[in-house]
Amino acid sequence: MQQSPQCEIEMFDGAGRLRLMSRRWRVTRPRGRVVFLHGIVSHSGWYLASCDALAQNGFEVHFLDRRGSGGNPYRRGDVDDWRHWIDDVVCFLKTQPRDVPLILGGISWGGKLASVLAAEHPELIDGLALVCPGIYAAQFPSPAKYRLLGGLSRLGLGGLRVPIPLKDPALFTGVARWQSFIQKDSLTLRKVSVRFALEDRKLTQHAREVVPTIRTPTWLVLAGQDRIVDNAKTREMYSQMAASDKECTCYDQAAHTFEFEPDPRPYFRDLTNWVTRVARKTAGD
């Protein structure tokens, strides 16, 4: 995928001063700032078009690659503690000026991180976009699988890599061109450590516990043909959120990754409109 001329690669200090990669769409006198978090297998390079659309409408955009994923090769697919994922994002958000509203977007697996951030650090953001969030996933390891992973960890095999059960590109998109892109993409994460899988379970459980406490203005976006997210349970989760300003949009014919739809423009338009509304409301316009 070709990188936009507006997009720059930057590095920032995560937890423990670990240097991490992000992409930035710089805008002169931005109307707002949008920070995105990607899914378990993807990375910032999957989402150039939607970030371009936001930048063309006056928003500065930052897309963070998770530690051990995308452009961060150190300990690829591994983590010691799920709190490090949260702390990395907190470290980044605390470096951002608050001259304009800041909206956090969590895509798929990144929806877990974004939800925990919104619940635990509401002072850092003004809006929360949950795009096909993986808090209630249709494809989640069984209890028996977790018992096996726990056994491997107790045997000292926490660093052993196991496949992520999302290897079929058709789970993300029905478009052949984009399926080929995912299949050939060298930065797509295919395996994680046993440690990662066990910490991910803790993150998932915590996200489910704290979502009802979120009061930040929230936009939930679902795909009607999604085979990765459990839409029914996600809608139930949404109904329990404390936020009084919340919206839900479902694109009935879409698969999991809107970026890879035959025509992603309706999503880009709705994303821009919602971000604009939140930014204006926060700024008191």
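This report describes salt bridges, cavities, a surface patch and selected backbone positions in a predicted model.

## Basis of the description

The model is predicted, so that local features need pLDDT of at least 70 and side-chain atom pairs count only at pLDDT 80 or more, while totals for chains, interfaces and linings use all residues. Residues are numbered from 1 along each chain as its sequence is written, and side-chain values use heavy atoms, with hydrogens and water left out.

## Annotated domain

An unreviewed UniProt entry places the feature "domain: Serine aminopeptidase S33" at residues 29–263; UniProt positions are given in the numbering used here, feature names are shortened, and annotations may be inferred rather than shown by experiment. In the model, the end C-alpha atoms of residues 29–263 lie 30 Å apart, and the span is 34% helix and 17% strand. Helices (H or I, at least four residues) and strands (E, at least two) are DSSP runs, numbered from the N terminus.

Arg-29 is in the loop between β2 (19–25) and β3. Although Arg-29 is not a glycine, its phi is positive, at about 50 degrees, and with 77% relative accessibility the residue counts as exposed. The terms used for accessibility are buried (under 20% relative accessible area), exposed (over 50%) and partly exposed (in between), with a 1.4 Å probe and protein chains only.

## Salt bridges

The structure holds 22 salt bridges, each defined as a side-chain nitrogen of Lys or Arg within 4 Å of a carboxyl oxygen of Asp or Glu. Arg-33 pairs in this way with Glu-60, the closest N and O atoms being 2.8 Å apart. Arg-33 lies in strand β3 (residues 32–37) and Glu-60 in strand β4 (residues 59–64), so the pair ties together parts that are 27 residues apart in sequence. Arg-33 is buried at 4% relative accessibility, and Glu-60 is buried at 4% relative accessibility.

Asp-99 also forms a salt bridge with Arg-33, with 3.1 Å between the closest N and O atoms. This pair links distant parts of the chain, 66 residues apart, with Asp-99 in the loop between α2 (82–94) and β5 (102–107) and Arg-33 in strand β3. Asp-99 is exposed, with a relative accessible area of 53%. A network of salt bridges links Glu-8, Glu-10, Arg-24, Arg-26, Arg-33, Glu-60 and Asp-99. Elsewhere, Lys-202 forms a salt bridge with Glu-199, the closest N and O atoms being 2.9 Å apart; these residues are three apart in helix α6 (residues 194–210) and are therefore separated by about one helical turn. Lys-202 is partly exposed, with a relative accessible area of 42%, whereas Glu-199 is buried at 8%.

## Cavities

A search of the whole structure finds three cavities of 30 Å³ or more. On a 1 Å grid over the protein atoms alone, a cavity is a set of points where a 1.4 Å probe fits but cannot get out, and lining residues have an atom within 4 Å of a point. Grid points are joined across faces, edges and corners, and a volume is the space filled by probe spheres set on the points.

The largest cavity contains about 320 Å³ of space. Its lining comprises 22 residues, of which Ile-40, Gln-139, Pro-141, Pro-165 and Asp-200 lie nearest its centre. At least two residues of this lining are supplied by each of α4, β7 and α6.

## Surface patch

Leu-155, Leu-157 and Leu-160 form a nonpolar patch on the surface, with about 290 Å² of accessible area together. Patches are made of residues with over 30% relative accessible area and no salt bridge, where like charges are joined within 9 Å and nonpolar side chains (Val, Leu, Ile, Met, Phe, Trp, Tyr) within 5 Å. Accessible areas come from the Shrake-Rupley method with a 1.4 Å probe, and for residues only the protein chains shown count as cover.

Leu-155 itself is placed in the loop between α4 (143–154) and β7 (161–163). This residue is exposed, with a relative accessible area of 67%.

## Buried positions

Cys-132 lies in the loop between β6 (127–131) and α4 and has a phi near 45 degrees, a positive value in a residue other than glycine. At 1% relative accessibility, Cys-132 counts as buried.

Lys-112, in helix α3 (residues 110–120), is likewise buried, at 2% relative accessibility. The C-alpha atoms of Lys-112 and Ile-135 are 5.7 Å apart in space, while the two residues are 23 residues apart in sequence.

Note on methods: 1 Å grid on protein atoms, 1.4 Å probe; cavity = no way out; pocket = protein on both sides within 12 Å on 5 of 7 lines; lining within 4 Å.
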